[in-house]
Amino acid sequence: MNTLLAPQRRSGLPDTLRLPSRDTRTSLLDRLALHLGVRLLLWSTRTPRLADDRRRHAQTYRHQEATAQRERAYLREASLAPRP
């Protein structure tokens with residue numbers, strides 16, 4: 001569709017989609033309700049806390065870090081080794 005050929009609203013006519021009796025501002029109570037609704041939606045989609053206790057979580061983290069450090073050390077040695 002070509003927008004140049006579409007019917008245009010003349011500037012002298014009022015906008016029929018807006019009611020003149022309606023206030024264009026949002027009330028404080030409505031804004032508070034919207035903010036509360038957004039906060040509740042964000043809160044409901046958050047990930048749950050770890051089910052494990054701190055000690056077990058720390059042990060798992062240390063194990064993963066040690067594994068990653070061994071892998072980095074292996075790759076470093078492999079890259080620095082003399083080529084045959």
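Accessible areas are computed by the Shrake-Rupley method with a 1.4 Å probe. In this predicted model, the accessible surface of the protein comes to about 9400 Å². Carbon and sulfur atoms account for 58% of that surface. Of the 84 residues in the protein, 1% are buried, where buried means under 20% relative accessible area.

The protein contains two helices and zero strands. Helix α1 covers residues 28-44.

Trp-43 belongs to helix α1. Its relative accessibility is 54%; because the cut-off for exposed is over 50%, Trp-43 counts as exposed. Together with Leu-36 and Leu-40, Trp-43 forms a nonpolar patch on the surface. The accessible area of these residues together is about 360 Å². In an α-helix, residues three or four places apart point the same way, because there are 3.6 residues a turn.

Methods:
Residues are numbered from 1 along each chain as its sequence is written. This is a predicted model: local features need pLDDT of at least 70, side-chain atom pairs count only at pLDDT 80 or more; totals for chains, interfaces and linings use all residues. Side-chain values use heavy atoms; hydrogens and water are left out. Patches are made of residues with over 30% relative accessible area and no salt bridge: like charges are joined within 9 Å, nonpolar side chains (Val, Leu, Ile, Met, Phe, Trp, Tyr) within 5 Å. A salt bridge is a side-chain nitrogen of Lys or Arg within 4 Å of a carboxyl oxygen of Asp or Glu. Helices (H or I, at least four residues) and strands (E, at least two) are DSSP runs, numbered from the N terminus. Buried means under 20% relative accessible area, exposed over 50%, partly exposed in between (1.4 Å probe, protein chains only).
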